[in-house]
Amino acid sequence: MSKRVFIAGFKHETNTFSKLPTDLAAYKARTYYRDDEVAQKMRGTATEIGAALDAADKHGWSIRLPIYANATPSGRVTKDMHDHFTQVVIDSLKADGPFDGIYLSLHGAMACEHDEDGEGRLLQSVRDLVGPDMPIAVTLDLHANTTDRMGDLSDILISYRTYPHIDQYEVATQACDLLDRTMKGEIHPKVHVRRREMLDGADHGRTTGPGPMVDALKTLDKLIAETPGVYAGSINAGFPWVDIHDVGPTCVVTGEGDDPAHAKIAETVMEQIWQDRNKLSIELVKIPEAIKRVQTSLAQGVSAPIVLADYADNPGGGGYGDATKLLGAMIEADLKDAAFGTLYDPEAALACKNAGIGTTLRLEIGGKVDPNVQGGPLSLMGTVTAITDGTFAMEGPMTRGTRVDMGPSAVFSVGGVDIVIVSGRFQNYDKMYFKSMGIDPTKKKVLGLKSAHHFRAAYAPIASQVIVVDDGGGLTSRNYKELPYKHVRRPVFPLDMD
Ligand SMILES: [Zn+2]
């Protein structure tokens, strides 16, 4: 008899310092699919749901997939939104069952208005309904703040192992394969979660070069190979811009039965991450120094773009995506053959659309969500050089095939800088953010990107140089001591100790 499997996805990386609430409208602005629409939109994509659909075919599952929702990182998820998602899941579990197993694609860093552990709360509602014996497999982002509650309520818990996250499909495939074996009674997995007194660690999870995260994964894999009965091991770097008790890195091991040797693996790996806590592989550069380096490189002649990554205002981590500090410095430096994107400003995008292509006008752009964060709008004379509806499919490698709808979008060209202005908040980790606007990023000398690290998957191969810019301020700056943490367990590294 084919197994019946319930599948759903609910994602959010919450930045509790953001004043933007994450409600149903925030999900609908990015990804909110129901019933048949989920498979229509997600089949064939390099995502967890894409993998779960293929796993269902491979294992001969009969599935029910009522909802997939993913919002751009922002403030706490509203109680209404969390209740809504939970209700859709509970209603479907009751109406469409019985099921043999459950697979959930979650993030692990969702904080809600009414519960700082959004994933744990969802899992509790599901577990209360289906009972202790129903196998539940969960996949998380590498930046999950994994709680003990998440570990206790799931049978299989696995996170991405790459940052940029290019292994989402593979990780979900692994989780679904283990779920299939669990449903057949071949294995009886149990999850172990371990942490240290850390807000941030493991080099924020970077796997694009040598460093603490790569070293910790090596240790984890060595221990897994030496220890019988381990099915999966993950390292979560944690997501530091969320003011909750259980924030921070974790090591999570899924193994047979309840074996103390498996918990010991997680402890050993966390000890290594603790010892390596001050090792960082990426240099963060202040804006004046970054511009100086760009000018020096341009003077020497460059054959490929120099990338300036706006680390402190990364929409992928909850930044508003409209901060103007780096953009303003690029314009002031009078850079030629440069592009910047994406800048969130629906008002300015609409003004460009109304003005029409070829129109030269003065616009106030960016800095509008919260001028206290990185300064107010820039007042600029420029020319509208492109207008689109803002839709495209990502070319990858990360989340290849995923549909994006930025809303009304325009290119506003100021001097030598083409600014991509959009109506939604999006991290620029795919070259289509420029190409869909008629800009060929490979032909530019300088690219300013609203992204902290994910951009490397698509842009590092075409870049002559990458400069990561963090001038402080911004909702995703690494200057944690500037942020007003109140709920994090103390003492904690690096707020209280070195
Ligand atoms: Zn992540």
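Let me start with Pro21. Pro21 touches Gly75, Arg76 and Thr78, leaving out residues up to four places away in sequence. Contact here means that the C-beta atoms of two residues, placed from the backbone, lie within 7 Å.

A word on the model. It is predicted: local features need pLDDT of at least 70, side-chain atom pairs count only at pLDDT 80 or more, and totals for chains, interfaces and linings use all residues. Residues are numbered from 1 along each chain as its sequence is written.

Back to Pro21. It sits in the loop between β1 (4-11) and α1 (24-28). Helices (H or I, at least four residues) and strands (E, at least two) are DSSP runs, numbered from the N terminus. His204 is 183 residues from Pro21 along the chain, and their C-alpha atoms are separated by 25 Å.

Now the sheet. Three strands form an open sheet, order β8-β10-β9, with antiparallel pairing. Pairing requires at least two DSSP bridges between two strands. The edge strands, β8 (189-195) and β9 (230-236), each pair on one side only. Twist averages 15 degrees from one strand to the next. Seven bridges join β8 to β10 (residues 250-256). Arg194 stands opposite Cys251 in β10.

Last, helix α9 (residues 260-275). It packs on the sheet and touches β8, β9 and β10. Its direction makes about 25 degrees with that of β8. Axes are lines fitted to C-alpha atoms, for helices over the stretch in contact, and angles run from 0 to 180 degrees between N-to-C directions.
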